[in-house]
Amino acid sequence: MEKKVVIELRDVRRDFQVGSETVHALRGVSFKIYEGEFVTIMGTSGSGKSTLLNQLGCLDTPTSGEYLLDGTPVRAMRRSQRARLRNRKIGFVFQNYNLLAKTTAVENVELPLMYNKEYNSKQRREAAVAALQAVGLGDRLEHKSNQMSGGQMQRVAIARALVNNPAVILADEATGNLDTRTSFEVLVLFQKLHAEGRTIIFVTHNPEIAQYSSRNIVLRDGKIREDIYNQNILSAAEALAALPAPQDE
Amino acid sequence: MSYINLFKIAIKAILSNKARSFLSMLGIIIGVGAVIVMMAIGQGSKQSIRQELSTMGTNLLTIRPGADMRGGVRLDPSAMQTLKQIDYETILAEAKFVKKVSPEVTTSGQAVFGSNNTTSTCYGESPDYLSIKLWNVEEGTCFTEEDVKKSAKVCVVGKTVVKELFPNGQDPVGKTIRFKNIPFRIIGVLKGKGYNNWGMDQDNVIIAPYTTVMKRLAAQTHFNSIVCSAVTEELSDQAIEDLTSILRRTHKLKDSDEDNFTIRSQQEFMETMSSTMDTITIILVVAAAFSLLVAGIGIMNIMLVSVTERTKEIGLRMSVGARGLDISNQFLIESILISLTGGILGVLFGGLLTWGCNAIIGYPAIIPAWSVIVSFAVCVAIGVGFGYFPAQKAARLDPIEAIRYE
């Protein structure tokens with residue numbers, strides 16, 4: 001069975017002009033990501049992983065090479081076309097959640113659909129509620145962002161990333177601001193989504209996380225050094241259960 | 001994004017920091033309030049001047065000696081002595097569109113009664129004068145044609161003269177006062193008129209037969225002016241034409257000579273005053289409008305700060321698919337909403353100032369309805385005009401940098 005290619009990079013290069021110098025952030029990156037994969041992209045700072053993330057998220061275009069998202073070539077697209085692509089095909093999860101302040105969970109999750117003419121307000125609400133239920137926050141719909149813990153906020157962010165039924169979820173150090181326990185709770189959620197068939201790309205500098213994904217790509221100095229399928233995926237739920245009980249209970 | 005949603009986002013943003021939103025509106029509130037009250041004062045002044053002029057008789061015509069002074073200054077004193085008895089008599093006999101006529105001789109001086117005295121002006125007129133000016137005696141009577149023929153030393157006085165010369169409340173009718181040392185018997189007291197729009201006390205007058213004033217007080221054989229009432233206001237222009245031809249004849253002017261007199265109608269005067277008031281109003285409003293310009297700049301500044309503060313939010317919106325247009329519309333609508341709300345509050349503020357002007361200072365002020373509509377339109381324009389630059393700045397942010405902004 002030929003799996004669908006969700007993301008394809010063909011010799012993608014990205015150069016930046018910094019003063020009089022040219023920085024080669026990406027020096028010819030090529031890979032394919034198939035539907036349903038949970039891929040971690042690893043690299044230290046300076047490896048080019050942020051640049052790669054921006055390419056994958058259609059926030060930036062390659063200097064040369066081609067990026068095909070769900071079959072659509074991105075390099076020649078205008079800003080507004082890329083915005084539309086982001087709206088329909090991509091769900092972002094940021095390290096610092098990036099929720100709207102003083103706004104309820106539902107309103108936060110509805111945000112991408114506000115920019116999608118095909119949803120009326122009723123459909124928008126239904127989709128947002130369903131997404132929040134999928135991440136286990138069905139009982140906190142009207143809670144405001146400042147009334148939630150870090151873990152809950154990240155779940156809201158994940159629900160927001162899911163609400164438009166994207167082709168791929170792009171997570172940028174999604175557990176970076178969370179404590180160990182909460183990090184595992186979030187990983188449990190990611191693995192659940194993976195099991196449901198979601199395509200996930202998780203960019204991180206933390207090598208531990210690679211143990212929970214199905215494939216790991218290592219980036220260094222703008223090039224891919226490793227691209228290995230994980231033969232022994234650990235269960236985040238088990239790791240969570242194995243953690244010592246929280247101190248304040 | 002739909003406009004309703006943009007509207008909701010804008011309202012939320014404005015309400016999230018009420019103090020700052022109010023401060024950014026303050027310039028508009030003050031500016032619009034100022035414009036409204038300036039227009040109201042202009043309108044009110046115009047209206048009250050019109051009203052006053054019409055109480056003086058809108059069909060009033062005033063003939064003065066000397067040519068039209070508008071072009072420059074005429075220095076020939078004899079030119080000021082061209083109105084004479086023959087003019088008056090001819091007008092009385094022949095003028096077709098004129099109802100009543102009164103020649104006028106004026107002189108100022110000291111009026112004395114007993115130990116009281118006051119400075120006043122004596123107007124020498126014909127008995128028709130009071131009806132020309134739509135005036136009446138309250139007590140006693142006015143002098144008659146007989147008094148004119150005999151140059152009788154009688155007069156009617158205004159209330160201010162009564163107050164000054166008879167402070168103890170005595171009845172002035174029948175008493176004899178001295179004006180410039182000439183004795184005058186008071187036969188009537190005029191109704192009160194109060195101050196006119198130019199600050200003159202209209203009750204500080206003594207009116208006597210013109211013959212008496214000419215002979216005994218002013219020692220002149222010419223009139224200072226001749227006042228008449230046109231049959232109707234509409235016939236004022238024809239009346240002026242008719243009087244002009246009569247006077248050219250009695251002054252023996254050749255066809256090539258200019259008029260050595262000027263005739264002005266009250267209507268013309270009213271129109272001049274109206275247009276003067278309009279000009280003054282425009283100047284005041286333009287001055288007030290400058291404050292709106294400053295207010296717009298204030299809004300632009302606040303919006304720029306707001307954009308910078310919400311850089312991360314803008315980055316987030318872009319990352320989930322907001323286009324540049326969506327972002328710029330969001331801020332543009334917020335800007336318009338701020339200025340429009342400021343406009344509404346400004347109109348209310350202007351209304352309050354207008355009420356205060358009327359009730360507390362007593363100066364007439366009436367808000368013209370169209371000024372409110374124009375104010376709103378200007379506010380929207382300010383919102384768009386001064387919100388444009390911040391909105392564009394927001395739209396052009398790079399989402400990658402914006403998301404990482406701290």
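This report describes strands, helix packing, domains and a chain contact in a predicted model.

## Basis of the description

The model is predicted: local features need pLDDT of at least 70, side-chain atom pairs count only at pLDDT 80 or more, and totals for chains, interfaces and linings use all residues. Residues are numbered from 1 along each chain as its sequence is written, while chains are lettered from A and ligands numbered from 1 in the order in which they are written.

## The sheet of chain A

In chain A, an open antiparallel sheet is formed by 4 strands in the order β2-β1-β4-β5; strands are DSSP runs (E, at least two residues) numbered from the N terminus, and two of them pair if DSSP finds at least two bridges between them. The edges are β2 (21-34) and β5 (72-73) of chain A, each with a single partner strand, so one side of each has no neighbour in the sheet.

Strand β1 (residues 5-18) of chain A pairs with strand β4 (residues 64-69) of chain A over 5 bridges, in the antiparallel sense. R10(A) has E66(A) in β4(A) as its bridge partner.

## Helix packing in chain A

Helix α3 (residues 105-114) of chain A and helix α5 (residues 150-162) of chain A cross at roughly 35°, and their axes come within 7 Å. Helices are DSSP runs (H or I, at least four residues); axes are lines fitted to C-alpha atoms over the stretch in contact, with angles from 0 to 180 degrees between N-to-C directions.

From α3(A), the contact involves A105(A), N108(A), V109(A), L111(A) and P112(A); from α5(A), V156(A), A159(A) and R160(A). Contact requires C-beta atoms, placed from the backbone, to lie within 7 Å. By class, these residues are 6 nonpolar, 1 polar and 1 charged (Ala, Val, Leu, Ile, Met, Phe, Trp, Tyr, Cys and Pro count as nonpolar, Asp, Glu, Lys and Arg as charged, and the others, Gly among them, as polar).

## Domains and helices of chain B

Chain B is divided into domain 1 (3-52 + 272-404) and domain 2 (103-229), with bounds from an automatic or database domain assignment. Their C-alpha centres lie 57 Å apart.

Helices α11 (residues 324-361) and α12 (residues 369-395) of chain B pack at about 150°, with axes 7 Å apart. The angle makes α11(B) roughly antiparallel to α12(B) (over 145 degrees). Their contact has 20 nonpolar, 11 polar and no charged residues.

## Contact between the chains

Chain B contributes 17 residues to the contact and chain A 19 residues. On the side of chain B that touches chain A, α10(B) gives the largest share, 5 residues. That side divides into 8 nonpolar, 5 polar and 4 charged residues.

Terms used:
Angles under 35 degrees count as roughly parallel, over 145 as roughly antiparallel, 65 to 115 as roughly perpendicular and the rest as oblique. Two residues are in contact if their C-beta atoms, placed from the backbone, lie within 7 Å.
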